[in-house]
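Keep the 3D view open while you read.

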Amino acid sequence: MTCEGEKGPYAVVYDTRTRQFGNQNPSFSPPYGLRQAQIDEDGALVWAFVRVHYGERDMLARFGREKWIRYFYGNGSEVMHRCR
């Protein structure tokens, strides 16, 4: 799915067969890691993390009728990106 972030659009993908979560943009390369995924009739809800220079940031990605990604920060705030 393609999402709109502060720095422009980026694409993420979740392969249900291999259980791999990642991005498809060569210019956007923070490594992602998968924590857990839930797949049901509404789609997939993926709990993952993205590595940043000082550690890891948790994120949730919703693949289905609703498409979004939420990034969670250590200070308790979160940012949501709408996707298509």
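In this predicted model, a disulfide joins Cys3 to Cys83, with an S to S distance of 2.0 Å. It is the structure's 1 disulfide. The link of Cys3 and Cys83 is right-handed, with 100° about the S-S bond. Where do its two ends sit in the chain? Cys3 belongs to strand E1 (residues 2-5), while Cys83 is in the segment after strand E8 (78-82), so the pair ties together parts that are 80 residues apart in sequence. Both Cys3 and Cys83 are buried.

The largest nonpolar core has 18 residues, and the ones touching the most other members are Val12, Phe21, Val46, Phe63 and Ile69. Which elements give two or more residues to this core? They are strand E2 (8-15), strand E4 (32-40), strand E5 (43-52), E6 and strand E7 (68-72). Of these, E5 gives the most, with 4 residues.

Phe21 is buried because its relative accessible area is 7%, under the 20% cut-off. Phe63, with a relative accessible area of 15%, is buried too. The count of aromatic pairs comes to 2. A pair of aromatic rings is described by the distance of the centres and the angle of the planes, and the table gives these values.

| Ring pair | Distance of centres | Angle of planes | Arrangement |
|---|---|---|---|
| Phe21 and Tyr32 | 5.1 Å | 75° | edge-to-face |
| Phe21 and Phe63 | 6.4 Å | 80° | edge-to-face |

Why do these pairs count as edge-to-face? The planes of Phe21 and Tyr32 stand at 75°, and an angle over 60 degrees counts as edge-to-face. The planes of Phe21 and Phe63 stand at 80°, so that pair is edge-to-face as well.

Now trace the rings back to their strands. Phe21 lies in strand E3 (residues 20-23) and Tyr32 in strand E4, so their pair ties together parts that are 11 residues apart in sequence. Phe63 is in strand E6, so its pair with Phe21 ties together parts that are 42 residues apart. Phe21 and Tyr32 are both buried. Together, Phe21, Tyr32 and Phe63 form one aromatic cluster.

Is Val13 buried or exposed, or something in between? Its relative accessibility is 34%, so Val13 counts as partly exposed.

Finally, look at Arg57 in strand E6 (residues 55-64). Arg57 is buried yet has no salt bridge. How far away is the nearest side chain of opposite charge? That side chain is Glu6, and it is 8.1 Å away. Not counting residues up to four places away in sequence, Arg57 touches Ala48, Phe49, Val50, Val52, Tyr71, Phe72 and Tyr73.

Methods
Residues are numbered from 1 along each chain as its sequence is written. This is a predicted model: local features need pLDDT of at least 70, side-chain atom pairs count only at pLDDT 80 or more; totals for chains, interfaces and linings use all residues. Side-chain values use heavy atoms; hydrogens and water are left out. Buried means under 20% relative accessible area, exposed over 50%, partly exposed in between (1.4 Å probe, protein chains only). Lys and Arg count as positive and Asp and Glu as negative; His and the chain ends are not counted. A salt bridge is a side-chain nitrogen of Lys or Arg within 4 Å of a carboxyl oxygen of Asp or Glu. Contact means heavy atoms within 4.5 Å. A nonpolar core is a set of buried Ala, Val, Leu, Ile, Met, Phe, Trp, Tyr and Cys residues joined through side-chain atoms within 4.5 Å. A disulfide is a pair of cysteine sulfur atoms within 2.5 Å. Rings of Phe, Tyr and Trp (its six-membered ring) pair if their centres lie within 6.5 Å; planes under 30 degrees apart count as stacked, over 60 as edge-to-face and the rest as tilted.
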